[in-house]
Amino acid sequence: MKEYNVAIVGATGIVGKEIIAILERRDFPVRDLRLLAAEQSVGMELPYKGEELVVQQLTETSFEGIDISLFSSGATVSQKFAPYAVKAGAVVIDTTSAFRMEPNVPLIVPEVNPHTLASHKGMIASPSCMTIQLVVVLRPIHTAARIKRIVVSTYQAVSEVGQEAIDELDRQVRSIFNHRDVVCQVYPHQIAFNCLPQIDTVLDNGYTQAEMDIVNETRKILGDENMKITATAVWVPVFYGHSASVNLETEKKITPEEVQFLLDEVPGVKVVDDPEKNVYPLAVEAVGEDETLVGRIREDGSLENGINLWIVTDNLRKGAALNAVQIAEVLIWGGE
Ligand SMILES: NC(=O)c1ccc[n+]([C@@H]2O[C@H](COP(=O)([O-])OP(=O)(O)OC[C@H]3O[C@@H](n4cnc5c(N)ncnc54)[C@H](OP(=O)(O)O)[C@@H]3O)[C@@H](O)[C@H]2O)c1
């Protein structure tokens, strides 16, 4: 089997470490794995297949001989360094927001739109974690019943921001229990025991960047520029695992039983739906799993054709690292 030289930019971050683990777990055909991060991490060792690999500093010349480069160091780093990777002949798979809406960069969720990957010119983007978990569930419903309108409210875990946000929630909880003052460094307000209805910057239209990312990325991936979507994105004091409440209006009538039947067949999706026995998707149960969980599937009686869903996934896995590695797999082995 052909093997590939792979670089991970941001290897010391929480997404980067997850990418290393997933490459190993899925036995991706790696010949040489190059771990790249900021200067402060040079010399750090990270485990991969029983060896300790040494982290190197990301520079403009880091990509010589690399076939596939997975970027997870934030949009600014991707904007600066991804072009060097492409110039060196590597295919870039970027988990950041840097290139997602560029018209000539395919935005890929392998279960949903693998056919658009072939158009890449060296750069491929992985969507925001929230968009990924939505589209894997929405695609089959859209195909079967044509979605006219989506209303989504998100409940997003702090780990989306990275290690510093995990540390802030942990620190604030301890401070409150110890009657100390709460210090806010990452978020503008206390996140412990609180919900913050602002993810990313507020735009001129009153929506936040994260909300408009959901709108624009979902339209791009589902190939429907006119799809009506509105979103409210909220940080919740959860460490890992994003949840979303989703209301759909469809053109054709589709019953909750039909939705469940459809989703039962979808790779990467697991229906968890027996509310009478207290069974529904939970963030704590999605963590460490590859599948996106969907449940609370029920009819919205306030609409002629309405469906409500509750969708949960591990934001670090399917929301970032797993999706990126699956894109690499489609790249080397082909999709449908
Ligand atoms: N967390 C999620 O749920 C999620 C989901 C989807 C996409 N993403 C994307 O993944 C990216 C990383 O997220 P994360 O949660 O893993 O963050 P993180 O834990 O804070 O890790 C950031 C990584 O970037 C590296 N880095 C920072 N500045 C750098 C520089 N100037 N040059 C080279 N490397 C640099 C860091 O290296 P050092 O350790 O050396 O500082 C670290 O490896 C973000 O862009 C985010 O948009 C995250």
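By class, how many nonpolar, polar and charged residues does the shell around the ligand have? In this predicted model, the shell has ten nonpolar residues, 15 polar residues and one charged residue.

Select the ligand first, and then display the 26 residues around it, among which Thr 12, Val 15, Gln 40, Ser 41 and Ser 159 come nearest. If you also show pockets, you will find that the space taken by the ligand is the largest pocket.

Next, colour the protein by domain: domain 1 (4-127 + 320-333) and domain 2 (131-315) each contribute at least three residues to the shell around the ligand.

Now turn to the polar atoms. At Ser 41, an N or O atom of the side chain is 2.5 Å from an oxygen atom of the ligand, while at Val 15 a polar backbone atom is 2.9 Å from a ligand oxygen. Select Thr 95 too, where an N or O atom in the side chain is 3.4 Å from an oxygen atom of the ligand. Taken alone, the ligand exposes 890 Å², and the protein buries 78% of that area.

Finally, move on to two loops and inspect the backbone. Asp 27, in the loop between H1 and strand S2 (30-37), has a positive phi of about 55 degrees although it is not a glycine. Lys 49, in the loop between strand S3 (45-48) and strand S4 (51-54), is likewise not a glycine, yet has a positive phi of about 50 degrees.

Terms used
Residues are numbered from 1 along each chain as its sequence is written. This is a predicted model: local features need pLDDT of at least 70, side-chain atom pairs count only at pLDDT 80 or more; totals for chains, interfaces and linings use all residues. Side-chain values use heavy atoms; hydrogens and water are left out. A residue is near a molecule or strand if one of its heavy atoms lies within 4 Å of it. A polar contact is a pair of N or O atoms within 3.5 Å; within protein, one must be able to donate a hydrogen and the other to accept it, and residues adjacent in sequence count only if both atoms are side-chain atoms. Accessible areas come from the Shrake-Rupley method with a 1.4 Å probe; for residues, only the protein chains shown count as cover. On a 1 Å grid over the protein atoms alone, a cavity is a set of points where a 1.4 Å probe fits but cannot get out, and a pocket is an open set with protein on both sides within 12 Å along at least five of seven lines; lining residues have an atom within 4 Å of a point. A molecule sits in a cavity or pocket if more than half of its atoms lie within 2 Å of its grid points. Ala, Val, Leu, Ile, Met, Phe, Trp, Tyr, Cys and Pro count as nonpolar, Asp, Glu, Lys and Arg as charged, and the others, Gly among them, as polar. Domain bounds come from an automatic or database domain assignment. Helices (H or I, at least four residues) and strands (E, at least two) are DSSP runs, numbered from the N terminus.
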